[in-house]
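Please consult the sequence and the structure shown below alongside the text.

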Amino acid sequence: MDHDLRTSTVQERPHALVWIDSHEAIVVRWEDDQAKIDRVKSMVPDHHAPTGHTRHDPSVRHDGGQAQDAEEARRRQYMDRFLKDVTQRLPAEVDLTVLGPGATHEHLVKVVRASDREHHHSRAVAGRRSSRKSDRQLVALLRELEGDEAPRRSAGEPHPSGSTGSEVAS
């Protein structure tokens, strides 16, 4: 599709974009002047809601004791694995913008920055809160970050929906 093609290859520094939550990451970058979208599914278990009133032993931490601690530690291990997998899929030579609705995008920013320090990479890494985006919205945002314009259709060229744009609605 034309909306996935880059219109200008003149740029200061290439950019990549990641939208992430605890269930999935979507990595968008340019490859051969075409948008490449890579999805990474997560195996991170959901947080479990508390189940009613629980009596607490005064000698145990106030958050509920070992069962919850073990479950949270297991969840953190899965999250660490997921973030490492996403980080390994990101090209090191590009600036990065990380988007997401919750704390997962903030954790990814920290992991990427730590990895960059460890491997002596120098790039801009920014994070910001964002609701879920479609693939087209992510490609459009990547274009905007790179100062690229969306491709325009010429007169009479068919719209992706099949119409030429020259029909008049009655």
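β1 and β2 form a hairpin with three residues between them. The model is a predicted one, in which local features need pLDDT of at least 70, side-chain atom pairs count only at pLDDT 80 or more, and totals for chains, interfaces and linings use all residues. Residues are numbered from 1 along each chain as its sequence is written, and side-chain values use heavy atoms, with hydrogens and water left out.

**Overall architecture**

The secondary structure of the protein chain consists of three helices and five strands, where helices (H or I, at least four residues) and strands (E, at least two) are DSSP runs numbered from the N terminus. Read from the N terminus, the order of elements is β-β-β-α-β-α-β-α. Of the 170 residues in the protein chain, 34% are buried; buried denotes under 20% relative accessible area, exposed over 50%, and partly exposed in between, with a 1.4 Å probe and protein chains only. The accessible surface of the protein chain is about 11,400 Å², and carbon and sulfur atoms contribute 49% of it. Such areas come from the Shrake-Rupley method with a 1.4 Å probe, and for residues only the protein chains shown count as cover. Among contacts in the protein chain with a separation of 6 or more, 70% are between residues 24 or more positions apart, a contact being defined by heavy atoms within 4.5 Å.

Strand β1 spans residues 15-20, and six of its six residues are buried. On one side of β1 lie H15, L17 and W19, and on the other A16, V18 and I20; both faces are covered. Two strands are taken to pair if DSSP finds at least two bridges between them. By this criterion β1 pairs with β4 in the parallel sense over five bridges, and with strand β2 (residues 24-31) in the antiparallel sense, also over five bridges. W19 has a bridge partner on each of these strands: L99 in β4 and I26 in β2.

D32 and D33 both have positive phi angles, of about 55° for D32 and about 60° for D33, although neither is a glycine. Most residues other than glycine have a negative phi. D32 lies in the loop between β2 and β3 (34-41), and D33 belongs to the loop between β2 and β3 as well. D32 is exposed because its relative accessibility is 74%, whereas D33, at 34%, is partly exposed.

| Residue | Relative accessible area | Class |
|---|---|---|
| H105 | 4% | buried |
| A92 | 26% | partly exposed |
| R123 | 15% | buried |

H105 is placed in helix α2 (residues 104-119). Its side chain reaches the backbone oxygen of G102 at 2.6 Å. This falls under the definition of a polar contact: a pair of N or O atoms within 3.5 Å, where within protein one must be able to donate a hydrogen and the other to accept it, and residues adjacent in sequence count only if both atoms are side-chain atoms. Beyond neighbours within four places in sequence, H105 is in contact with I20, V98, L99, G100, G127, R128 and R129. Among these residues, I20 is one of the buried residues of β1, and L99 is the bridge partner of W19 in β4.

R123 is found in the loop between α2 and β5 (125-129). The side chain of R123 makes a polar contact with the side chain of D116 at 2.8 Å, and a polar atom of the R123 side chain also lies 2.8 Å from the backbone oxygen of P91. With residues up to four places away set aside, the contacts of R123 are R13, P91, A92, V94, D95, V112 and D116.

A92 lies in the loop between α1 (66-88) and β4 (95-100). Apart from residues up to four places away in sequence, A92 touches R13, H121 and R123. The C-alpha atoms of A92 and H119 are separated by 9.5 Å, with the two residues 27 apart along the chain.

**Ring interactions**

A search of the whole structure finds zero aromatic pairs. In that search, rings of Phe, Tyr and Trp (its six-membered ring) pair if their centres lie within 6.5 Å; planes under 30 degrees apart count as stacked, over 60 as edge-to-face and the rest as tilted. R81, however, lies over the face of Y78, at 5.1 Å from the ring centre. The criterion for a charge over a ring is that NZ of Lys or CZ of Arg is within 6 Å of the ring centre and within 35 degrees of the ring normal.
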